[in-house]
Amino acid sequence: GEDITLRVEADDPDGDPISIAWGSASGAFDTPYAAETRWQGTRLGDHELGVVVRDDKGAFVGATIPVYIDEFPGSGGSHVKVRLNSSPVVRWLQVE
């Protein structure tokens, strides 16, 4: 299959501990609870990858990344900046 590297940088403005979780309905993450992970697609077509960052008080923020895998291997990148009016805050998200 085709694989990509994903990185998220997040922190909590209140200083609360945070946790990170990556998810997708298809494919597999090598380390789904780390800030940096690799995702391997197992089929061609459209996929939606997601990341959720939570603090220990229940506040959370999420972001999704649409990914399309065709029959031609290649690479690309995308930076997504997400800021919501609650903590924690995703500072940047990178896809390679």
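Predicted model: local features only at pLDDT ≥ 70, side-chain atom pairs only at ≥ 80, totals over all residues.
Figure 1. The secondary structure comes to eight strands and zero helices, so that the order of elements from the N terminus reads β-β-β-β-β-β-β-β. Among contacts with a separation of 6 or more, 56% are between residues 24 or more positions apart.

**Figure 2. The largest nonpolar core.** This core has 18 residues. Leu6, Trp22, Trp39, Leu49 and Ile65 are the residues with the most contacts inside it. Two or more residues each are given to the core by S1, S2, S5, S6 and strand S8 (89-95). S6 supplies the largest share, five residues. In soluble globular proteins, nonpolar side chains tend to be buried together.

**Figure 3. Surroundings of Ile65.** Ile65 is one of the residues with the most contacts inside the largest nonpolar core. Neighbours within four places in sequence are left aside in this view. The remaining contacts of Ile65 are with Leu6, Trp22, His47, Glu48, Leu49, Leu93 and Val95. Of these, Leu6, Trp22 and Leu49 are also listed among the residues with the most contacts inside the core.

**Figure 4. The two faces of strand S6.** In a regular strand the side chains alternate between the two faces of the sheet. The covered face of S6 holds Val61, Ala63, Ile65, Val67 and Ile69. Its uncovered face holds Phe60, Gly62, Thr64, Pro66 and Tyr68. Asp46 stands opposite Tyr68 of S6. Phe60 has Arg54 over the face of its ring, at 5.0 Å from the ring centre. Elsewhere, a search for aromatic pairs gives one in the structure.

**Figure 5. Strand S5 and its two partners.** S5 pairs with S2 in the antiparallel sense over seven bridges. Within that pairing, Val51 in S5 is the bridge partner of Trp22. S5 also pairs with S6, again in the antiparallel sense, and here the count is 10 bridges. Gly45 has Ile69 in S6 as its bridge partner. The hairpin of S5 and S6 has four residues between the strands, and Gly58 takes a positive phi near 100 degrees there.

**Figure 6. Asp55 in strand S5.** Asp55 lies in strand S5. The relative accessible area of Asp55 is 9%, and this residue is buried because the value falls under 20%. Asp55 and Ile20 are 35 residues apart in sequence. In space their C-alpha atoms are 9.1 Å apart.

**Figure 7. Salt bridge between Glu36 and Arg7.** Two salt bridges are found in a search of the whole structure. One of them joins Glu36 and Arg7, with 3.0 Å between the closest N and O atoms. The pair links distant parts of the chain, since Glu36 is in strand S4 (residues 36-40) and Arg7 is in strand S1 (residues 3-11), 29 residues apart. Glu36 is partly exposed at a relative accessible area of 44%. Arg7 also counts as partly exposed, with a relative accessibility of 21%; the cut-off for buried is under 20%.

**Figure 8. Salt bridge between Asp16 and Lys57.** The closest N and O atoms of Asp16 and Lys57 are 2.9 Å apart in this salt bridge. Asp16 counts as buried at 13% relative accessibility, whereas Lys57 counts as exposed at 64%.

**Figure 9. Thr5 in strand S1.** Thr5 is found in strand S1. Its relative accessible area is 7%, so Thr5 is buried. With neighbours within four places in sequence left aside, Thr5 is in contact with Glu36, Thr37, Arg38, Gln94, Val95 and Glu96. Among these contacts is Glu36, which is also the salt-bridge partner of Arg7. Val95, another contact of Thr5, is in contact with Ile65 as well.

Notes: Residues numbered from 1 in each chain as written. Heavy atoms only, no water. Salt bridge = Lys/Arg side-chain N within 4 Å of Asp/Glu carboxyl O. Buried < 20%, exposed > 50% of the residue type's maximum accessible area, 1.4 Å probe, protein only. Core = buried A, V, L, I, M, F, W, Y, C linked by side-chain atoms within 4.5 Å. Contact = heavy atoms within 4.5 Å. Phe/Tyr/Trp six-rings, centres within 6.5 Å; stacked < 30°, edge-to-face > 60°. Lys NZ or Arg CZ within 6 Å of the ring centre and 35° of its normal. Pairing = 2+ DSSP bridges.
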